[in-house]
Amino acid sequence: MKCPACDHELQPFTVEKLTVDVCRNGCGGIWFDWFELQKVDEPSEHIGEALLKIEKSPEIAVNYTKKRSCPKCKNVIMMRHFFSTQMAVAVDECPKCGGFWLDAGELKQIREQFASEEDREKAAEAFIEKKFGAQLDKRKKALQQKSEKIDKAARAFKFLYPSAWIPGKQEWGTF
Ligand SMILES: [Zn+2]
Ligand SMILES: [Zn+2]
């Protein structure tokens with residue numbers, strides 16, 4: 001596989017049961033297959049430590065603004081997005097195979113963000129509350145108002161059509 005950032009040949013790198021592909025002596029980036037990154041994205045996952053020291057060449061300058069192709073899939077451009085709701089680290093993810101490309105130093109930043117999966121979830125919840133909380137409240141209110149309107153309409157309807165009303169039999173005529 002070729003490095004998506006600098007075109008160097010990626011090399012397999014194994015730590016215990018995990019094998020990733022690294023751009024050693026190139027840009028120092030790491031390719032994680034689907035679900036591999038989750039095994040090392042927290043500081044308690046000690047095997048990730050070995051991945052923080054991939055040797056990189058000082059001569060290679062990476063263009064971070066360029067879109068990158070997945071090193072594994074043919075002709076698939078990776079999506080760049082923030083790895084967490086803290087929006088500190090932007091990573092490349094392949095929409096097809098689910099792999100992640102991390103530039104040199106990004107794994108370290110990701111590992112420093114959350115101590116555990118629980119912390120990560122808490123941060124995500126707080127983010128959603130902060131970002132969409134006001135909107136959610138508005139929606140709830142709109143729904144409430146709508147059901148109140150329906151209630152009023154139902155009451156009005158009952159008034160217009162009392163239960164004793166039989167079509168055509170009322171002396172006051174039909175509606
Ligand atoms: Zn590279
Ligand atoms: Zn892919």
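Contact here means heavy atoms within 4.5 Å. This is a predicted model. In it, Arg111 is in contact with Val40, Asp41, Glu42, Pro43, Glu45, Gly48, Glu49 and Leu52, leaving aside its neighbours within four places in sequence.

**Arg111**

Arg111 belongs to helix H1, which covers residues 106-113. Its relative accessible area is 6%, so Arg111 is buried, the limit for that class being under 20%. One of the residues in contact with Arg111 is Glu45, and the side chain of Arg111 reaches the backbone oxygen of Glu45 at 3.0 Å.

**Zinc sites**

| Zinc ion | Protein donors | Distance from the ion | Spacing along the chain |
|---|---|---|---|
| Ligand 1 | Cys3 (SG), Cys6 (SG), Cys23 (SG), Cys27 (SG) | 2.2 to 2.3 Å | C-x2-C-x16-C-x3-C |
| Ligand 2 | Cys70 (SG), Cys73 (SG), Cys94 (SG), Cys97 (SG) | 2.2 to 2.3 Å | C-x2-C-x20-C-x2-C |

At the zinc ion (ligand 1), the angles among the four donor atoms are 97 to 119°, and the site is tetrahedral.

At the zinc ion (ligand 2), the four donor atoms subtend angles of 104 to 113°. Why is this arrangement tetrahedral? Four donors count as tetrahedral if all angles lie between 85 and 135 degrees, and the angles of 104 to 113° around the zinc ion (ligand 2) therefore make its arrangement tetrahedral. Cys94, at 1% relative accessibility, counts as buried, whereas Cys97, at 23%, counts as partly exposed.

How do S1 and S2 run, and how many bridges join them? Strands S1 and S2 run antiparallel and are joined by five bridges. Thr14 has Thr19, in S2, as its bridge partner. The two strands form a hairpin with two residues between them. In the turn, Glu16 has a positive phi of about 50°.

**Aromatic pairs**

The count of aromatic pairs comes to two. Trp34 and Phe35 form a tilted pair, with 5.5 Å centre to centre and 45° between the planes. Trp34 counts as exposed, at 60% relative accessibility, and Phe35 is partly exposed, with a relative accessible area of 48%.

Phe83 and Phe100 also pair: their ring centres are 5.8 Å apart and their planes are at 80°, so the pair is edge-to-face. Phe83 sits in the loop between strand S4 (79-82) and strand S5 (90-93), and Phe100 in strand S6 (residues 100-102), so the pair ties together parts that are 17 residues apart in sequence.

Methods:
Residues numbered from 1 in each chain as written. Chains lettered and ligands numbered in written order. Predicted model: local features only at pLDDT ≥ 70, side-chain atom pairs only at ≥ 80, totals over all residues. Heavy atoms only, no water. Donors = N, O, S within 2.8 Å, 3.2 Å for Na, K, Ca; no water. Tetrahedral: all angles 85-135°; square planar, octahedral: opposite > 155°, others 65-115°. Buried < 20%, exposed > 50% of the residue type's maximum accessible area, 1.4 Å probe, protein only. Helix = DSSP H or I, 4+ residues; strand = E, 2+ residues; numbered from the N terminus. Polar contact = N/O pair within 3.5 Å; in protein donor to acceptor, adjacent residues only side chain to side chain. Phe/Tyr/Trp six-rings, centres within 6.5 Å; stacked < 30°, edge-to-face > 60°. Pairing = 2+ DSSP bridges.
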